[in-house]
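Here is a friendly note to read beside the picture. Take the points one at a time and look up each residue as you go.

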Amino acid sequence: MEKLRKRFTLHEMVLAGAFLLIFLIGACSNENFLSIRNILSLFQQMSEMGIMAMGLTIVIITGGMDLSAGTTMGLCAVTSGLCLTKGLGVVPSLIISLGVAVLCGAMNAVLVAIIRIPPMIATLGTQMFFLGAALVLSKGNSISGIPESFYFLGQAKIFGMPLQMLLLFGLAIFLMIMLRNTVTGQHIYAIGNNMKAALFSGIRTKHVLFYSYIMCSVMCCIAGNIQVSRVATARADMGSAFLMTCISAVVLGGTSINGGNGGIVGTVVGIMIFAMIGNIMNLVGISSFWQQLATGSILVLVVVFNRMIEMQKYKVKSRKV
Amino acid sequence: MKKILEKRETGVFLILLLLCFGLSLYSPSFLSYTNIKNVLVNSVPVGIMAAGMTIVLITAGIDVSVASQMMFSATWLAIFSQNSPIANPVTVLILALVLGAITGAINGFLIAAFSIPPIIITLGTASIYRGIILVYTNGRWIMNIPKWFTALGKTYYNIPLPIIYAIIIFMITAWILKHTYFGRSVYAVGGNENAARYVGVNIKKTIFLTYFYSGLLCGFAGFVLDAILGNCQPSGSNGWEMNAIAAAVIGGTNILGGSGSVIGTVIGVAMMGVIENGLVVAHIPTYWQKLVYGLIIIATVTFDVLRRNYADSKKQMIEIDQEA
């Protein structure tokens, strides 16, 4: 027990415990839960949310927030959907969609890093703007008739494993290495811990912020394209429902909402927990309205719990904004 | 006179007048009594929420659960008014305030007691409140709200009742902000929290009361919404929290806390209503609405922050001069 306590923090142990508990509940409540088919489809469902949540993790580590992530995903989905139905090839469509994502990220970064609007407010505004842009592009309708050559991204299987699951783990490993072992990654943590100290020690904070927000938007773009390919339609409000779950998963995974610590592994575990909850509810036949209730409750409980641990640890009495 | 001209509210008000003038040239029906009445009545629920949002924003907080709180109240009121034998205008009003008080108190308690960023808590509680009513009603509309209830949202002698409600709420809120201890501590907490603490303001109590009051107004907004519409869609009015925030910000409330006024918010609400109506009058498809709102929010916030940064940089230079 002592050894365990030294190696892992309390939060990591609780997270692992929660993961095992939900896994056991799933295994007991329905015999189909442990079938290989279900587990593979579980990964297939969680990969879109997981990729978006990993992008959000980076931004949250810098002490920021990207509330526009969901609508960025919708905008990118609509863009590539439009390009594909207008007869452009798969590769040009993906490139244009990525370009839109970079523009979205850059717009967020300009507002946050250069004009210095609090990230929550800035991205609250761009959230509406991107949604509006996506609605205008798609004229408020959903775009169908995606050519079959695009289906590989969300429906192909390699050695029996869905492509997007491999993509999820590939990106996770890439981001983990980026955060842990590169200078940029360390700068991201430094900015989240103390923006002023980072600036005074010579870190080009604006560059790093641009990098983080664009990275987040690109992740949303990848998630959006996977979903377009999986369901063969593109809608403006595609990712809007993802945002809450993704933020909850990031926070559940141990990334501090004030920035400065956390990581990709926690986020992936957090997303897995939410995916399992949704999967179990579907298997047992509970309506999706309960999932909304559950997601909100888990977010509030986790944030309060984390805060209570923090308050005990540092004996924080005064209010920190 | 000069003071009035320098105020931010005056500028926004002039833009509003200009907008109305342009629209009335474009379409004469814009200035008709019916159209203006419809614009004003339809913006009453958002306006009431925006009054609460103003106070929240002044403390440098934010409440993105207002639309969910409003629907939480509206849904239970609709069910109560149909099924309960003791339902009458008085009990419905009391229930509306109690429901608003409960949701507001939960928000306020979580934010004040644990010092968690308000946006995270209210994002969470927004989906909890919405989830509860969706689970209970299974997402179905509640039709046929009783006649005596909708009578509270009708027009008598050419005076629409909802507008009277809104005026009362705005006056109470303005009075609270200007003339009560709580109202003055709201400005103090938003302007400089540490300074407020040293002066002896109870920060946690002020923060709690802020969200409590915002919840109370959301409960009342749910009451007005039911009375106006005559039915209730539990999954409806999505994104109205953004309209409330936008109205307050357009009206000059500082998103970083410390300043803002109810009169500005009233002008902001009217502006949002006129823009929405203008898009309809000018035959622009409704899906342009979000784009326009988003642009307005980004532009006003950007302008506001730039102006304040500029003012701050001036201030610091003076301080350095004095030290030297």
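1. A word on helices to begin: helices (H or I, at least four residues) and strands (E, at least two) are DSSP runs, numbered from the N terminus. This is a predicted model, where local features need pLDDT of at least 70, side-chain atom pairs count only at pLDDT 80 or more, and totals for chains, interfaces and linings use all residues. Residues are numbered from 1 along each chain as its sequence is written, while chains are lettered from A and ligands numbered from 1 in the order in which they are written.

2. Start with the loop between H5 and H6 of chain A, where you will find Arg116(A). Its phi is near 65°, a positive value in a residue other than glycine. Most residues other than glycine have a negative phi. Arg116(A) counts as partly exposed because it has 14 C-beta neighbours inside 10 Å. (A residue is buried if 20 or more other C-beta atoms lie within 10 Å of its own, exposed if 12 or fewer, and partly exposed in between; C-beta atoms are placed from the backbone.)

3. Ile115(A) also sits in the loop between helix H5 (90-114) and H6 of chain A. With 15 other C-beta atoms within 10 Å, Ile115(A) is partly exposed. Leaving aside neighbours within four places in sequence, its contacts are Val110(A), Thr302(B), Val305(B) and Leu306(B). Two residues are in contact if their C-beta atoms, placed from the backbone, lie within 7 Å.

4. Now follow the chain into H6(A). Is this helix buried or exposed? Of its 20 residues, 19 are buried, so H6(A) is largely enclosed by the rest of the structure. After H6(A) comes Lys139(A), with a positive phi near 55°.

5. How do the two chains meet? Chain A brings 36 residues to the contact and chain B brings 42. Helix H6 (119-138), helix H12 (242-252) and helix H14 (288-314) of chain A each supply at least two residues of the side that touches chain B. The largest share of that side, twelve residues, comes from H14(A). By class, the chain A side divides into 23 nonpolar, eight polar and five charged residues. (Ala, Val, Leu, Ile, Met, Phe, Trp, Tyr, Cys and Pro count as nonpolar, Asp, Glu, Lys and Arg as charged, and the others, Gly among them, as polar.)

6. In chain B, please look at helix H6 (residues 89-114) and helix H12 (residues 203-229): their axes come within 6 Å and cross at roughly 145°. (Axes are lines fitted to C-alpha atoms, for helices over the stretch in contact, and angles run from 0 to 180 degrees between N-to-C directions.) The contact of H6(B) with H12(B) has 20 nonpolar, ten polar and one charged residues. Leu93(B) is in helix H6 of chain B, and its C-alpha atom is separated by 9.1 Å from that of Gly219(B), 126 residues apart along the chain.

7. Ser115(B) lies in the loop between H6 and helix H7 (118-137) of chain B. Ser115(B) has a positive phi of about 50° although it is not a glycine. With 20 C-beta neighbours inside 10 Å, Ser115(B) counts as buried.

8. Finally, H4(B) is mostly covered, with 15 of its 15 residues buried. Ala60(B) follows H4(B) and has a positive phi, near 70°.
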